[in-house]
Amino acid sequence: MSNIHAVVLAAGQGTRMKSKLYKVLHPVCGKPMVQHVVDTLAAIQVKDVVVVVGHGADAVQAALGDQVSYVLQSEQLGTAHAVQQAVPFLTGKKGATLILYGDVPLLSTETMESLLRFHLEQKAAATVLTADVPDPTGYGRIIRDSAGEVLKIVEHKDTTPEERAISEINTGIYCYDNEELLKAIVQVKNDNVQKEYYVTDCIGILRSAGKKVAAYRAVDPDETMGVNDRVQLSQAEAYMRRRINETHMRNGVTIIDPLSTYIEADVTIGADTIIQPGTVLRGGTVIGTNCHLGPQADMTNVQMGDGVTVSYSVLVDAQVESDATIGPFAYLRPQTLVGEGVKVGDFVELKNAKLGKGTKVPHLSYIGDAEIGEGVNIGCGTITVNYDGAKKHKTIVGDHAFIGCNSNLVAPVEIGKNAYVAAGSTINQNVPDEALAIARERQVNKPGYAAKLPRKQGKKD
Ligand code: UD1
Ligand code: CA
């Protein structure tokens, strides 16, 4: 959107969080609160965004990167003081300026757009987004005159008993005519209970100057909630989780039990995928269509094709191609690439391993630092011995090789195409294509010898 600017306030410490992590960096559904605000602005094409940073400035800048500009508020004297730091950024600009708080993370793009549209239609000097809430404790109250027009905002701590009973609150999201904002912001004083410069006072200042002040009431008050402590953080998490799950369900994903399904904000899922309880999808995970996930599938930054099945498994930074089956009880660690139609069965751990199309690792294996070809059978209990105590080494297994049960492949080692490793072998030399390798002690049978062994026959210990 052209001629729309935004100031995001994110300089506070957030003492009520009782945390070493700065408040606006606390994640909601896997993403810092302030990042949600910035992403919503990006979604409605507001490109001219400045974030006011102070406490944890470096950390906030590191989280948001260069998609926004920054100004520093070195002392936190209140929300108006924070906006004052952005004055050089706003000076000389025309159009509308949104002011948002980094601790109000749930606002939808629809509400933000509606607020903007309403503000422009009303030709107001300022429009405040308000909400009617069952418990207004802690929020600024919207004071209206007898004609129903907004008169001012009074902070909770400064309210009279009658004002305290008002359930219409200030959400902390405003839209200003930029030039009117610049005139009002310099007039704010700190003559209040907290001795702070409140940005909320701009509303009263403009109204006293005879300017038009409008209010836009949010349709869904829940999405305007501010997060000041961990209880509110958990409420925000629950709200956003429900919204994310509902979006996926509306897009054709079946979620058997949304209350026990945790999907972070940036995950994408194809239609007709079915998600069983206890599934957690994090980070930039991308799931294809027709997958069956869970129960208990925990995935972080996984890239998955179509028709994949995963149950009771943990996958981190892994890629899984179409029609593979994972689990139950598999652990796929970073840099794992599971090819099309591969079977990774129970109690299998993969790390930095590539498994070609149709390969099977059905049970009880560790495959690390390995390149396994197509159509390979890795027998139960096979281990890649990749670490010599100092360095990691690579195992290569050619297409259609057969690795017998309980084999150790001591890396660096290469097993040729169509080769066959006998069960129980410890392979520490390369095996040529088509060859059979047996690397174990030959069996010795001693006829009748068992009877001579000392044993407590027929007795119990
Ligand atoms: C604020 C509003 C209140 C509103 C509520 C909505 C004011 C004075 N009050 O109260 O009317 O109902 O939000 O959630 O604005 N910040 C700075 N610099 C500062 C102080 C704060 O950048 O000097 C930032 C904080 O990091 C935070 C935001 O501004 O992201 C809001 O500050 P906070 O102290 O949480 O205000 P509330 O008491 O919640
Ligand atoms: Ca707050």
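## The calcium site

The calcium ion (ligand 2) is coordinated by Asp103 (OD) and Asn228 (OD1), at 2.2 to 2.4 Å. Donors here are N, O and S atoms within 2.8 Å of the metal (3.2 Å for Na, K and Ca), and water is not among the atoms, so sites may look incomplete. Asp103 lies in the loop between β6 (96–101) and α5 (109–122), while Asn228 lies in the loop between β11 (213–217) and α9 (230–250), so the pair ties together parts that are 125 residues apart in sequence. Helices (H or I, at least four residues) and strands (E, at least two) are DSSP runs, numbered from the N terminus.

Are these two residues buried or exposed? Asp103 is buried, at 12% relative accessibility, and Asn228 is buried too, with a relative accessible area of 18%. Buried means under 20% relative accessible area, exposed over 50%, and partly exposed in between (1.4 Å probe, protein chains only).

## About the model

This is a predicted model, in which local features need pLDDT of at least 70 and side-chain atom pairs count only at pLDDT 80 or more, whereas totals for chains, interfaces and linings use all residues. Residues are numbered from 1 along each chain as its sequence is written, chains are lettered from A and ligands numbered from 1 in the order in which they are written, and side-chain values use heavy atoms, with hydrogens and water left out.

## Around ligand 1

Let's turn to the other ligand. Of the 27 residues around ligand 1, those that come nearest are Gln73, Thr79, Tyr101, Glu155 and Asn170; a residue counts as near if one of its heavy atoms lies within 4 Å.

Backbone atoms also meet oxygen atoms of ligand 1: a N or O atom of Asn170 at 2.6 Å, one of Gly140 at 2.9 Å, and a polar atom of Ala11 at 2.9 Å. Taken alone, ligand 1 exposes 760 Å², and the protein buries 90% of that; these areas come from the Shrake-Rupley method with a 1.4 Å probe.

## Helix α1

Helix α1 (residues 33–43) is mostly covered, with eight of its eleven residues buried. The buried residues include Met33, Val37 and Leu41. After the helix comes Gln45, whose phi is positive, near 65°.

## Cysteines

How many disulfides does the whole structure hold? A search finds zero, a disulfide being a pair of cysteine sulfur atoms within 2.5 Å. For Cys405, the nearest cysteine sulfur is that of Cys380, 5.2 Å away. Cys405 is partly exposed, with a relative accessible area of 39%, whereas Cys291 is buried at 0%.

Key. Polar contact = N/O pair within 3.5 Å; in protein donor to acceptor, adjacent residues only side chain to side chain.
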